[in-house]
Every structure is written in structure tokens, then in C-alpha cells.
Amino acid sequence: MTTTATAIHPLTAEQRRLWFLQQVHPDDAGFNMYLNRRWTGPIDPRALRTALDRLTARHEILRTRFAPEGPDEAEPVQLVQPPAATDLVTIRLPEGATEQDFTDACRPYVNAPFDLAAAPPLRATLISAGEREHAVSVVVHHIVADGWSFRTMWRELLALYREAIGEAPAELPELALQYGDFARAERARTGGEAGEEAFRFWADRLAGTGALRLPFDRPRPSSPTRPAGFVTVDLGPELTAALDRTARQERCTPFMVLLAGYQSVLARWTGCRDFVVGTPLAGRTEAAHEALLGYFNRTAVIRSDLTGEPGFRTVLKRTRSAALAALSRPDAPAERLAAHLGLPADTGAGPLYQAVFVHQSQNDLAVGSGEPALPEGVRTTGMDSGFDQAKTDLLLDSWRTPDGGITLSFCYDRELFDRGTVEALGDRCRELYARIVEDPELPLHGDWFVGAEERAALLALGAGPAAPAAVRTVLERFAEQAAARPDAPALECDGRTLSYAELDRRSTELARRLGPVADRVVAVSMAPSFDLVVALTAVWKAGAAYLPLDPAHPEERRALMVREADAVLTLTGTDLPGAGTADLAPPDPRALAYVLYTSGSTGAPKAVAVDHPAVSARVDWMAGPDGYALGPDDRIVQFASLGFDTHVEELWPALAAGACVVLLPGGGRTLPDLLAGPAGRTVTVLDLPTAYWEELVGLDDGTSWPDALRLVVIGGSEARAGTVARWRRRHGDAVRLVNTYGPTEATVIVTAAELTAADTDRRPSLGRPLPGVRLHVLDEHGGLLPRGSEGELYIGGSGLARGYLGRPDLTATAFVPDPFAGGVMYRTGDRARWRADGRLEFLGRGDAQLKLRGYRIEPAEIESALTAHPPRPAPRRGRRPAPTPSPPRTRARCTAASTAARRPAAR
């Protein structure tokens, strides 16, 4: 429509938000509103069209379009068009058409988006099946109407129709105002100093609040269509009466009680304790507004403060205070406040809130009193409109029913949530309402959120398969392979191989030369080589635990590790002098296996002590048929640095299964060279940091993937769906892709997931727990969280480390009693949740810890190092000083005191 506007008005703040959302998603019909009524009896289409013409002539807002105007076209405005004939679409259905037929006929019209700039957003349809069965549909965009408007619209449309057919005069009162007058008054009221004062008030009132992180079942698509789903919960007359009684006793309104309960459920569901909920207010502040159509609603912002240890009565008092503030100061400059508070921009909800709560104070047309007079011989009823668009990610609508109850209707975006997730949310709301009428002091963090049956199901969900009753040690399995296949290659490095028999012989010889090191720690600092694996195996055969030192790490850091771990000696090679002992005592299968340092949150690295039972349990699964199914035909690249616990996963399962480990003499950076050469074509298994794997996948044809490759194991950081999709476009199901998760404190990994086509359009999961592992997702009070809720991940069961070597304080903090199954559990600091499909999903860190190429990095350790560094003097002008010559480097084969001067065993 290009007709010259008869009037131009500014947009209200709420209209501007809807206009902006329509520009971002022009195909979104989520803000369509509809008046759909089944009409039984005679109808005159010409009279109905006349009534629509007079209705739009009476209300300017129904003939208003919205577009930027002016020389710069920087600001959208309301452009009121002259009165014109309304386009009434007529549709004929066969006689005997069903209710579904009427719904299907309405569906395309209620779900079609509007172009707000092209024409006034109004669409009228008459659907007829014979002479007596009809449906009247009037659809508008929310930018021109609200719920109150539809009651007025229906009443006036019927009055004008009855006048058009000569049945009775309409007798509609003259309108003293139009909606444009209201918009201008709002602009004057909220501008200037009044607007600044409102901003200061709300900036202070909302200071410290955060975003509500709704636990979506799927990530938001790049081009959302926002299909709506609905879940209804009936509270019933008895519970409703009890809620009303509670409201009176607590000097609150039923709206406040319902809202406080919903806030409490949201807090437990999301893990957020301070957020904002939006709730619409009628916005008609003057009597003259009541006869007008238009978008008068304003969304009040109500702070949900559930911090501390509040009971429900405390939450209700806070909600009452926040609601009264919102009612007294409804003009909150939402966009400006969101930017000031640093809240993330999210087009799935308002700028300040991610959830909306609506409490209808009046019944709708199907229920309410004051039904307008109908034409003679006509009966109208509500109908299913077929509307299938969500306005926001999650909206809770509530209204009273004729039987004295309350209905809760959850409207949700089906692209983001599963129906089961929202059904569980509704059940928790009903459960809380039932509990608080009995006990208004009910603790927010009480056991009401997870019932006994669900608790049992969650514990079963977090328990891995039963672990074998007895598991052979790695050395026992290696000895079996050496005896059965002595000439088979155990190691390959730079074109040379070392057989199982030779590895067994050389490691035994070195173990004898190590001397009495049983139950001690031996540091090993070597580049990838045959000697490295010989040394690690020898340390175990001698009954000691190895401390892996990456030669690339600073000498000062390696010295610190050796000193703190109380290492009896440091191996930098295998040519130790002396004949050694004649016989080796069988190593203790329960002894310490290795000590591995990770970045420390206290500012210093910490030593994780892992014993042989933990290693044996992991190796048994990795090498076995339910894990990586390793065998003598496999060739596995040892990619990880020795200081990274993935070396355990690459090395020991392969040697336990009779496979060949391919070493990279130049370290992981030479992997592309290996893959591009002849030796790379026969590699069957790659175990890579996720970040490195993503880089290789991103190179497309620039990466030479082995012809024999059958398995890729990734871990160390979060996998991305886009990379999985890219991988599958090249490899499909020909190569297994296994995503693993686990901290060093739980012996390499505790979960595994086969990544398939289902992981290409959502966050890839961590999978399920390994045998003997127990996983719990807990809130900050140690309570179990249901599927979908975000919490901290705790690990129990088999495979846990003993703790931090020589640090009982840190051990007690991180390894805490398991109240669900006994024993201890490790507190990971990772945020996670159980998905609806029973798989674990990683959601990030709960602290400042970082991951870089799979390595854990604690900023506190970096800060400690920087703080300890001496201040650097300011540079002086003039000549640059001569560089200080580097001291000569000394290379040692064995760093240890003589046998007589060995340190006493650590206790």
C-alpha cells in the first residue's frame, strides 16, 4: 500500500521492540494474534464486510502500517492510511465439514507473517460449509492489538454487523482518542529527565542480575521458524482455593503466589538464582483507553532474587516487593538497561528477560461474562485456530476456569524444547504449589524438586555398566602378548620397529638396573622413542610409579615437579651403568602407577596420583570389544605429549591388546608428515585432542587421512556439531568417531560417545559412563538435578585417582564423600546436564579454568608466576645493552644421588 498517510505517529517502546524483531526475522509469524470463532447460523458476507470496513474506519490502528520515514529513514513510525475497503477472503468447504476441516482452512492465514511496511497488518477470512456452518477469522499483528483489544473488537464487530443486517443500531460511543495519541503521550512521558530518572531507578533496582540460561534440548537454529508447542496443567478447584488462601494469609495476590512458585522452579531448573521474568501489564492507564484498540500492554520486569537459602515465604516477600516496584514504575527502558547490565542479546525473548509469565485477570471469550449480543439465530463458540508459532522461547499463561480452578498453559518453541522437558517443568510447578500451601516455609533447595522415583532413575542413569569382578594389570596383559607373539611389532618409530619380545627384554633389564625403587616415584623425561616406552615399562616392572616430564617444559617447572613428587631419580635415557639385581619382585597390583601434574587453581601445579587398579580398569574397557576393540592388526599413533594423560590411552591399551604403537620422534607436530607418507597409510587408530582434530578436518583435502583408518578418538575439549558434519561428509560411517571426556583425576576418561549423524545439528554429547563409573549432576547444595537441568558434574566409582600427592587439603576439597553410593566422588568443576536421550552433555566450566589444545590451564597459576616475576626496570634511552651469552647446556643420562644417598620413601 503506497497511499499517503493521513497521520504519522511515533512507535511506543513495546512497538519498537516488535518492529525490530520483525526486521530480524521477517518470516516469523510468532506475534500474530487471531480472533477465530465458529459461527452456527445464517451469515451475510456483505454485511460482515461492511462491519469490518466501519471497524477499521473507527480505529486508526487497524489501518496503520509501520516503516521508517523521513530524510534519513532512521526511525520507524506509524503511518495511518485513509479508510478503505477491507479485503474479506471467503472460502467454501463442502457441507458436513469437520472441525478439523475448519481448523485446516484457518491455519494458513493465522500462521502467515505480515509485512509491516507494505500494508496494515490485518487479515479477515470467512469460511463456510453450507448455509449454517461458518468460521470467522480476524488475524492481526501484535503491534496493533493486545488481549483487551480483541474483546473490544469482537463486541464492536458484532454490533456493527447487527446494524448492517438491520437488526439493531450499533450505538458505539465516540472515541475521544486514537492509539496514536497514546503513543505520543508515552513519548512525552518517558523522554527527557523523566526517562533518565526511570533508567537510574531500574539500573539500581536490577544491578547484579543475570541472564536466565534456559536449558534448551537443542541449540537455536540459525534460521528459526519458531513452531509452537503447548503443555497444559490443571491445578483444580481445591488446590486453587488453597493458593488463594495462602495469598490472603501472606498479604499477596494470587498472581504473586503463582509467580513466586514459577520463579522457584525456574531457579532450580536452570541453576540461576538472580534473573528477571517478564509479565505483561494492561497499560490502559486512562478511562478513555478502554474503548481503544492497540498494543497498550507493557511488559513489566520483575526481578527474581532467589539467592541465599530462602524458604518460599521469603521468596514470596521478595516477589511481592519486586512486583509492586514494577507496577509503580512500568516504563523500564529495556534495551538500554540490558546494554547497561551487560545482558546478552537474545531474539528469543525480551532484552531483559528470557521467560514470560502471564496471569489473565479476566476470562476469555469462551468462558467470560459479558458475552456480546449475537445476531438472532446465531451461536458462536471458540475453535482451534491451527496457530503454530511461539512468541518467545518459553511462556507460561495462566487463567481461571469455570469450575474454580486455574489452568497453566506452557507455550514453548519446539525447535528448542522437547515436549517431555516442558511436561516435566509443568509437573514440578504443580508439585511446588501443592507443597507450599501445606508449608509456606518450604526451603527453595529442599527435596521437592526431585521425587523418590525420579531420584532412583537418575542414580541408575548415572551408573555405568557393571565392572568386571577382576581385571588383569597392564603388565600381565603385556606379558601375555610378549609370550604369544614375541616377534610382532610392539613399537614403530621413524621406520624402525621393536618387537614385543625385545621390549619385554629391554624393559626387564632396565628395571633390574633401577635398583630398589618399589613404591617410589621415578621421573621420566625423554622425547618420543623406543627408550621412552622401555623406561615407562621398566618403572612399572620395578614396582615404582612414573612421573612423566615433558622435555619441552621449562627446566624450573620440571625441577619443581621432581622435588614435590619426591622422585628418587630422573631417567633421561636407558643406558644406566651397572648390572642391576638378578631378580625382580612381582610388582604390587594395587601400587601407584603414575603421578601426573595438572595446572593448579592455587597458583602452583598439583600432582594427581593414579594407581594400577584405576589404570587397569580403563585399559580393560579401551582395549575390549565395548571400547576401541583393539587387536594385533591395529597401528595406533602415540600423539600426546608425555605430560598429558592421553598418553596412557594411546600406549597401554595398545600394548595390552598386541597392537603396534607408532611413535612420532618429533612429537605431535609431525603427525601430518607421517600421515602423508607411506607409513601413515596403514595407521588404523588416531587419538587426538578435539581442537587438533578440528584443525585437520578444516583442511579438507589438505589432510591425508590413512586408507586403513577405522577409529578416531577425540577429547580434551568440546566437539562442535559443524565439524562433526564436515567430518561425516567425507567419511560417513566408514570411520568410527568417538568423543570422550574425563579429567586427569579420573584416569583419562569416564564417558564415551559414538558421534553419528544425530550429532551434526546439536551439541555432540559426552555419551554414557564407562563400566564401574558413577556420574552425578548436582546443584550447589549437592542435590540431584533432573534431566535437562544444568549443574556441576561429580565422578565416583572405579578409576578415581587417589588424590593429590602430598596435598591432603586439596584432596579433601576435590574428593568428597559420595552420599548416594558410598565411597568418594571427584568434584570436576565442569557444568553438565543429562539430556532427554540419557546422554551427558558438557556445558562449560563453572570457574575460570581454560582448555588449550586439551591442556587444563588455571589462570591462577599464570597469575602466580607473573606476580612472582621481579619488576622490570623502565627502559633507558641510549644504546641497547649487549646480549648476555647463554650458559652452556648440560645433558645428563641419570640424575640421582648414589644408591646410598637416596631419599627416604615418601609417606
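How many residues has helix 11, and what span does helix 11 reach from its first C-alpha to its last? Helix 11 (residues 419–436) has 18 residues and reaches 26 Å between these two atoms, close to the 26 Å expected at 1.5 Å a residue.

## Basis of the model

This is a predicted model, in which local features need pLDDT of at least 70 and side-chain atom pairs count only at pLDDT 80 or more, while totals for chains, interfaces and linings use all residues. Residues are numbered from 1 along each chain as its sequence is written, and side-chain values use heavy atoms, with hydrogens and water left out.

## Helix 11

Helices (H or I, at least four residues) and strands (E, at least two) are DSSP runs, numbered from the N terminus. The expected span of a helix is 1.5 Å times one less than its number of residues.

Thr421, Val422, Leu425, Gly426, Arg428, Cys429, Leu432, Tyr433 and Ile436 of helix 11 are buried. These residues lie on the same side of helix 11, because they cover an arc of only 160 degrees around the axis. The arc is that of the directions from the helix axis to the C-beta atoms. Buried means under 20% relative accessible area, exposed over 50%, and partly exposed in between (1.4 Å probe, protein chains only). An α-helix has 3.6 residues a turn, so residues three or four places apart point the same way.

## The second largest cavity

The whole structure holds 5 cavities of 30 Å³ or more. A cavity is a set of points, on a 1 Å grid over the protein atoms alone, where a 1.4 Å probe fits but cannot get out; lining residues have an atom within 4 Å of a point. The second largest cavity contains about 50 Å³ of space.

Its lining consists of Tyr628, Leu630, Ile636, Glu649, Glu650, Val685, Asp687 and Val713. Helix 18 (646–657) and strand 24 (685–689) are the elements that give two or more residues to this lining. By class, the lining has 5 nonpolar, no polar and 3 charged residues.

## Residues with positive phi

Most residues other than glycine have a negative phi. Aspartate 566, however, has a positive phi near 55 degrees. Aspartate 566 is in the loop between helix 16 (555–564) and strand 19 (567–571), and is buried because its relative accessible area is 16%.

Alanine 629 also has a positive phi, of about 50 degrees. The loop between helix 17 (612–623) and strand 22 (635–638) holds alanine 629, which counts as partly exposed at 36% relative accessibility.

Terms used
1 Å grid on protein atoms, 1.4 Å probe; cavity = no way out; pocket = protein on both sides within 12 Å on 5 of 7 lines; lining within 4 Å. Points joined across faces, edges and corners; volume = space filled by probe spheres on them. Nonpolar A, V, L, I, M, F, W, Y, C, P; charged D, E, K, R; others polar.
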